[in-house]
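Have the sequence and the 3D view ready.

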Amino acid sequence: MKYRRKMRGTIACGACLLLQGVMVCSFTTTAIITQSNPLQQTMKRSTSRSITQLNISSGAAGDGEMNQKKPYLTTAEQERRAEERRRLERRSDVVIGKTSALEGSQDFDIDIASTEKMYVESSDDVDREVFQQSDRGLTALRMGDLEEAKVAFDRVFAVKPSAYLWQAGLVLFYLGDVFKAAECFAKNALLYEKKFGEPASEERIWRDASELHLRTSLTKKKWKSQKDKKRKKNDEVSAEIRDDEALSSVPDAISPEIPPGKNLPKETRKVVRIARDLFAASVGHDHSKVILSRAKLRCIIAKPGLDRLRWKPRAWFFLGLHYDSIGKTVKAIECMKEAVLLSGGGGNAENEDIVNRLPLLHMSERNWFNDDEVVPYEMPELDLNGSTNFVTASIKDDVSDLSVVELRSECKKRGMPSNGELKAALQEKLLNYLVTEAATDPEFTL
C-alpha cells in the first residue's frame, strides 16, 4: 500500500542565494515526498529545477527574459585579468619605476675603470681626495710598502675622519702600533655594521688578534722584569721603576671593546665564522672553544677534493695568525708557509684582493722566510675502526698543551669535578667531553 504526504510552502531558491539579491525570484512550488517510488522523486526534482530556472528573471528588466549566468572566477584568475588590463593601459607609457626603462635606452658597459673615472669626476673635492688616497694606500699595501700606505691612509682620515678603511689597521698592526691598530679595527667594525647591517667579521678578528698580541708582549716583558729582579740588587730598583712606568702606559686590554652586534645576520662564510669564534674564545679565555675551533679549521684543511672557494689557504692563514698572536711562533710559521703555498704566493700585486696577499705580507714583515722546503700538507691516515680519528687527534694535541690550572678551570665550567686529580686524569676527562661535543657538531665534516 502506497503512502503519500503533501507539503505546501515557499522553498528558498539556491540561485537567489548564490546571486545574493541581484536576481529576484518569486518561486513558489509544491514539494511532494513519495517514499514508494524513488524514480518518480528523481523526475520531479529535475522538473522542479527546470521550472526554477525558467522563473528567474532580471531585477532590472522584470519582464521574464532569460539572463545568461556569469562565469565564476577565482581570486587568482581575477588578479591575472587585472594585471593584463594594467599592462595594456601602460603599453605606451614611459615612466621610470613603472615601465622600468626609457625607450631606446641601453645598459652601461661593465667597465670598472670607466665607472671609477665617472665617480671621481662627479664627486666633490673631499670624496675625490678620499678615493684617490685610498687607492694609493691599498696599492702600496699590496706591494708591501707600509710606510707609503700609512701616509696615504693618514691623508684619508685627515680630510674625512669618519671614512671606512679597515685596511689602515693592517698597516698599523704590521708597523708595530698594535694598540692604534685595535682602535682602528673597532671603529671600522662599528661603521660597517651600522651602515650595511652585516657582521664585520674581519674587523673583529683583527681587533682580537691585536689584543692577543698585546697580551703576549706584556707577558714577556713582565716575565723578563721578574727574571732581572733575582739577578740584580741595588741598581735594579731604578730599572724596576722604569719598567713599571712603561707597563702602566700600556693597558692590559684593548679599549674600547667592540660591543656585540644586535640584530645582525649570522656570518655565512664558514672559515671566517670559525676564525671569529677562535679569536673571540681566545680573548675570553674559553680554552675548550679554542680547541674545537682549531679542530674545525684543520678539518677544512684536511678535506679531500678541489678547493673552489679557497677555504684552505684562509684556514691556514687564520691558524697561523692565531698562533702568532699567542706567541707560538714555530706553529705560526708552519701554517703561514702553507697559506703562502696554497695562495699562489699572493697572485698579482696590482689588482689582487688584499686578503690573498696577507700570508705573504705576514711572512715578509715577520722575516720568517728561510731555506727550509715547504712541504704540501697531507691528510693523516684515519683509523676507520673508530678508536681514533683526525678530529680526536687534533683535540688531544691541543688538550695536552693546557696547564693544570687551565684544565681544572675548563672542567669546572662544564660541571665536572676536578679537585685532587692529576694532570693526566684531567686531560682524559676533558678530551672525552670535547670529542663527544664534536661528534654532534655538523661543522666537523671531512
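At what angle do helix α12 (residues 287-302) and helix α18 (residues 423-439) pack, and how far apart are their axes? They pack at an angle of about 50°, with axes 11 Å apart. Helices here are DSSP runs of H or I with at least four residues, numbered from the N terminus. Axes are lines fitted to C-alpha atoms over the stretch in contact, and angles run from 0 to 180 degrees between N-to-C directions.

Before going on, a word on the model: it is predicted, so local features need pLDDT of at least 70 and side-chain atom pairs pLDDT 80 or more, while totals for chains, interfaces and linings use all residues. Residues are numbered from 1 along each chain as its sequence is written, and side-chain values use heavy atoms, leaving out hydrogens and water.

| Helix pair | Angle | Axis distance |
|---|---|---|
| α12 and α18 | about 50° | 11 Å |
| α11 and α12 | about 155° | 8 Å |

The angle makes α12 oblique to α18, whereas α11 and α12 are roughly antiparallel. The cut-offs are these: under 35 degrees is roughly parallel, over 145 roughly antiparallel, 65 to 115 roughly perpendicular, and the rest oblique.

Who does the touching? Contact means heavy atoms within 4.5 Å. Between α11 and α12, the residues involved include Ile274, Leu278 and Ala281 of α11, plus Val290, Leu297 and Ile300 of α12. By class, that contact has 7 nonpolar, 2 polar and 5 charged residues. Here Ala, Val, Leu, Ile, Met, Phe, Trp, Tyr, Cys and Pro count as nonpolar, Asp, Glu, Lys and Arg as charged, and the others, Gly among them, as polar.

Zoom in on Ala281, which is found in helix α11. Ala281 is buried, with a relative accessible area of 5% (buried means under 20%, exposed over 50%, partly exposed in between, with a 1.4 Å probe and protein chains only). Leaving out residues up to four places away in sequence, Ala281 touches Asp286, Lys289 and Val290.

Terms used. Helix = DSSP H or I, 4+ residues; strand = E, 2+ residues; numbered from the N terminus.
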